[in-house]
Amino acid sequence: MNVQRVSAIFEKDTKDFMKNTMLLMMPVVPIFLALLYKQMSGGEAFPTFLLYLVVGINLSTVTTAGMMTMMAEENEKKTLRGLIQSPASIVDILVGKSLVVGLMSLITLIVSLFIMGIEPLLNLKSILAIIFLFFFFLFLGIGIGLFSKSVAATSAYIMPVMLLFGFTPMFELLGISEDSIVIKFADTFPVMQAIELTDGNSWLPLGIIAIWVLGAGLFMYVCFKKTMTDD
Amino acid sequence: MENSIEVVEIQKTFQQQTAIEDVSFQVKKGEIFGLLGPSGSGKTTTIKMLTGELGQTVGKIKVLGMESDQIGSAEFKAKIGILSDNSSLYERLTIYDNLKLFCRLYNAPMRRIDAILRDVNLHGEKSKTVSKLSKGMKQRVLLAKALIHEPELVFLDEPTSALDPGNAAHIHQGLRRLNEAGTTIFITTHNMEEASALCDRVTFLNHGKIVELDRPGELQYKYSTHAFHVETFDGEQLVINNTPDQAERIKELIATNQMKAIHTDEPTLGQVFLKVTGEELV
């Protein structure tokens, strides 16, 4: 990894981000939801699943959607080809591009969790779970952004990602039986595993989240390799 | 002389369709080499194979001494510049911010930005946002981006297609200066005047095959009928063959003060292409 190239891409993306109203508005949704939940709670502590719901919404609307939009725009406007044709490596490009969204996600997440009460997540297991979740949502965003070819096309993918991976804890509120195959399947999703990791004694859920991270990483790698050449 | 590009019997097939077939050529170091052909003849595919954006199906490519497996490496990318239909700019950023990014990616000194903007006739415009530029100005910024790191070899795909004659002439001057400084230039163009004026050698690509390769002047001579076209003061148009037995006739026209104008009939490169392939170069 070349620090100068990473910082050049980061600097460019920061300037671009600040002039992109669509991206600037993304952090508003999770912070607004956190404020709404706080208002509705009447001062009571939040259950773990609700805290992770806000984490999931944060990561899906800021990390995944932000990254997806940025990569799709680079792809659509053909500016990504300019970066690929330069001496910057895949790692330089991906790290440089992820830093802005990563920073924005971190700020939004901290603000949202401070509003709701961050204390239940201030332990090693939860911090590791959130770090793993961040990478899962980031890789997914990069992969889909490259795959979708245009910013307009990303709107078709963001909703399923948000509903399936961001809002997974909401499935419990749909009144579906716990024995249902849908719930059992949803329980293996990353955010649900993070809840289990925080509430339970086993470290196994972290392994399951790691498998999701690897899967998303592989998806991202395949999409990037495909973008690098016209073959 | 050392070659910057060596292409030996390459072929490129997309699914069942052959886009490039049995193409071989060399580009000498320090040369301006033109690849000419109509749309769909395989020019862009050839450039993409030379820059590592596409792999060849068959054959051997060597660019700046690097074999196919090294084409695409960071070392290779640092030595080449590309302006193609795939090149683009960050619309929300200024000209300066766009060039600054590429200066840093190529580890070029920041003072290059002012120098290159002078070369493309955009000095004084660097704080303009790219989205507000005309198509011609964007093309000049793209050219500046391709040349910012003073590459050894530049691939230019239709570099002046969106430019007015004045700016195209300015770009030609800049390219000549760049070439005089030692940069090898590989150019594709539809503009035959541009090819004649700029290129040391040109090759014609038609349906994925090379049909001619030589210096523009040599090709024009080769496909000339070697006759003289004479116009007299009486308005008569004569075609006189360039043979010893016709010398007296030309001498007589001059001696009797009848000759208004005399021209050789060397065809333009476009006409040469038409003669070779039977197709217009459009």
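Which pattern does chain A follow, read along the sequence? I read it off as α-α-α-α-α-α-α-α-α-α-α. The model is a predicted one, and I keep that in mind throughout.

**Entry 1: chain A, overall**

I then looked up the radius of gyration of chain A, which is 18 Å. The globule rule gives 17 Å for 231 residues, so chain A is as compact as a globular protein of that length. I also noted the box filled by the C-alpha atoms of chain A: roughly 50 × 35 × 30 Å along the principal axes.

I checked burial next. In chain A, 55% of the 231 residues count as buried. I turned to contacts between residues at least 6 apart in the sequence of chain A; 81% of these join residues at least 24 apart. For the surface, I found that chain A exposes about 10400 Å². Carbon and sulfur atoms supply 73% of that area. I looked up the charges too: chain A carries 14 positive and 17 negative side chains. The centres of these two sets lie 12 Å apart.

**Entry 2: helix α8 of chain A**

Where does helix α8 of chain A bend? I located the bend at Tyr157(A), and it comes to about 30°. The helix covers residues 151-166, and I noted a proline, Pro160(A), within the four residues that follow the bend.

I then asked which residues of α8(A) are buried. I listed Thr154(A), Ile158(A), Val161(A), Met162(A), Phe165(A) and Gly166(A).

**Entry 3: chain B**

I moved on to chain B. How many helices and strands does chain B have? I counted 10 helices and 13 strands. I noted that the C-alpha trace of chain B spans about 70 × 50 × 35 Å along its principal axes.

Of the 282 residues of chain B, 50% count as buried. I looked at contacts in chain B with a separation of 6 or more, and residues 24 or more positions apart account for 66% of them.

I closed with surface and charge. Chain B exposes about 13200 Å², and carbon and sulfur atoms supply 46% of it. I found 32 positive and 38 negative charges in chain B, with mean positions 10 Å apart.

Terms used
Residues are numbered from 1 along each chain as its sequence is written. Chains are lettered from A and ligands numbered from 1 in the order in which they are written. This is a predicted model: local features need pLDDT of at least 70, side-chain atom pairs count only at pLDDT 80 or more; totals for chains, interfaces and linings use all residues. Side-chain values use heavy atoms; hydrogens and water are left out. Helices (H or I, at least four residues) and strands (E, at least two) are DSSP runs, numbered from the N terminus. The radius of gyration is taken over C-alpha atoms; the globule rule is 2.2 Å times the number of residues to the power 0.38. Buried means under 20% relative accessible area, exposed over 50%, partly exposed in between (1.4 Å probe, protein chains only). Contact means heavy atoms within 4.5 Å. Accessible areas come from the Shrake-Rupley method with a 1.4 Å probe; for residues, only the protein chains shown count as cover. Lys and Arg count as positive and Asp and Glu as negative; His and the chain ends are not counted. The place of a charge is taken as NZ of Lys, CZ of Arg, CG of Asp or CD of Glu. The bend at a residue is the angle between axes fitted to the seven residues ending there and the seven starting there.
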